[in-house]
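Got a two-chain model on the screen and wondering where all the labels come from? Let's go through them one at a time.

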Amino acid sequence: MPNITLYGYELDENSYRARLLLSMLGLEWQTVAVDMFPGQEHRKPAMLALNPLGTLPVLQRDDGTVYGTAAVLLSLARSHDQEQRWLPADATAFAEVVTWLGFCETALGPAVEARLQALFDTPGDEAALRTAARKAFRIMDDHMTLRHFEGVEWFAGDGPTLADLALFPSFALSRDFGIDHGEYPALRRWIRHFRSLPGFLTMPGIPDYH
Amino acid sequence: MKLEAGWVPVALSSSIEAATSAGAVVEGSEIVVWRDNSGVVHVWEDRCPHRGMRMSFGFVRGDHIACLYHGWQYDAGGQCRYIPAHPTLDVPSTIKVPTYVSQEKYGIVWATASPDAAMPDIGPAVGSTPVRSLYVDCSATDALSALDAEGLEHISTDTGLLACDGDKLFIAVQAITTTKAAVHAVLLGPPSADNAKRQAHHARRLEKMRYALEQAAEFA
């Protein structure tokens, strides 16, 4: 097994994205818990030495350090997904996957911020963040409405990819900042499919039905 | 229309899969729409009597729905049957979630507190294919005006038939709040080989209508 260390915070959805992929790839890893709230340890010298941007997650392997959520996901898939399922080699499917990864880093930014604000009182315009998050979820729901007519229940290609994995946490956690799932029927169907994938794991805010 | 006034469309049947639940709002009243394992749909007030948690956040087990907070389980009649913290307790009959009467027709889930009210009638059953539920940031009145402009042939105040590019759609409008509405749309007639294409075509048309309605609402 490769030597993998993940620096992350239990309640941080971006750290969860990395954990999800590690788990779904069937990998073993060590976790270093970083006290993001209230400690702000991710922005202090020890962590800044690993990632000058002061973000989580940070991935450390024998061959180096990777930071930035999309970079961590892409790099894990490139190194450890022999079947190229999560990051398809097919040019069209690849383009779709990286388009949604870009969406995740940009359009879903407000959803990530809205949640941190609701949980930890971080600064930001609450109404504007929620409006932007709703707009992003609606784009996702419209897309999955049409995909369902085509008989495909995933965002890109013809099976689950990094697109689904990267998009899943923000929608699954949206109730943390007051956006219910009622208005997004196509996304409700999709998250149920995603939850049934082998290696799926939850985080606080994403119930583990018992 | 309020749940007390008649049959209100609350979801497409296809959007509520077996053993799942979803929250919805009718003129400000929060409801849970859920389908049990045997396929029967239920519409209740969206509140666990224990701590007020929304039942729509919970999970379905067989013909029971359980609250996410403490796992209290309710049967199809809304009666609490099992409290995990007190497994041997014979649960008092007073612990009950208020329920609405529900029915599925034309591929749509309807609910009401007045079951004697008339259900919209479009004649003999012809079969239906789901298109989508369109959630729009505008009033139900404005959504209906836009549909009227497209030639909606009313069956009732909030429902009607829409002839569109060779197809016939059945449309039912749900008032969510004064500034939000849902337009539930199904394609009428027997399924055909090019269903997927037609579903996508009408879904896209509805998205355009949503855009126009929200532009108008924003600049009103």
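Q: What do the buried residues of H8(A) pack against?
A: This is a predicted model, so keep that in mind throughout. The buried residues of H8(A) pack against H6 and H7 of chain A, and against S2 and S11 of chain B as well. Packing here rests on contact, which means C-beta atoms within 7 Å.

Q: Which residues of H8(A) are called buried?
A: They are Pro185(A), Ala186(A), Leu187(A), Arg188(A), Trp190(A) and Phe194(A). The label takes 20 or more other C-beta atoms within 10 Å of a residue's own, so these six names in H8(A) pass that count.

Q: Which residues of H6(A) are buried, and what do they pack against?
A: Among the buried ones are Leu129(A), Ala133(A), Phe137(A), Met140(A) and Phe149(A). Arg130(A), Asp141(A) and His148(A) are on that list too. Their partners in chain A are helix H5 (109-120), helix H7 (162-172) and helix H8 (185-195), and in chain B they are S11 and H2.

Q: How do you know which parts of chain B touch chain A?
A: By contact again: 17 residues of chain B are in contact with 16 residues of chain A. Strand S2 (20-26), strand S11 (128-136) and helix H2 (195-218) of chain B each supply at least two residues of that side. H2(B) gives the largest share, five residues. Sorted by class, this side of chain B has nine nonpolar, five polar and three charged residues.

Q: What does Val183(B) touch, not counting residues up to four places away in sequence?
A: Its partners are Leu134(B), Val136(B), Ala143(B), Ile171(B), Val173(B) and Leu206(B). As a general rule, nonpolar side chains in soluble globular proteins tend to be buried together.

Q: How do you know that domain 1 and domain 2 of chain B are in contact?
A: 14 residues of domain 1 of chain B are in contact with 11 residues of domain 2 of chain B. On the domain 1 side, strand S1 (8-12) and S2 of chain B give two or more residues each. S1(B) has the largest share, five residues. The C-alpha centres of the two domains lie 27 Å apart.

Q: What about chain A: which domains does it have, and how far apart are their C-alpha centres?
A: Chain A is divided into domain 1 (4-80) and domain 2 (91-195), with C-alpha centres 21 Å apart. The contact takes 10 residues from domain 1 of chain A and 12 residues from domain 2 of chain A. H1(A) gives five residues, the largest share of the domain 1 side. That side divides into eight nonpolar, no polar and two charged residues.

Q: What makes S5(B) and S8(B) edge strands?
A: Strand S5 (59-61) and strand S8 (80-82) of chain B each pair on one side only. They belong to an open sheet of four strands, ordered S5-S6-S7-S8 (chain B), with antiparallel pairing.

Q: Why do S5(B) and S6(B) count as a pair?
A: Pairing needs at least two bridges, and S5(B) and S6(B) have three bridges in the antiparallel sense, so they qualify. Val60(B) stands opposite Ile65(B) in S6(B).

Key
Residues numbered from 1 in each chain as written. Chains lettered and ligands numbered in written order. Predicted model: local features only at pLDDT ≥ 70, side-chain atom pairs only at ≥ 80, totals over all residues. Contact = placed C-beta atoms within 7 Å. Nonpolar A, V, L, I, M, F, W, Y, C, P; charged D, E, K, R; others polar. Buried ≥ 20, exposed ≤ 12 C-beta atoms within 10 Å, placed from the backbone. Domains from an automatic or database assignment.
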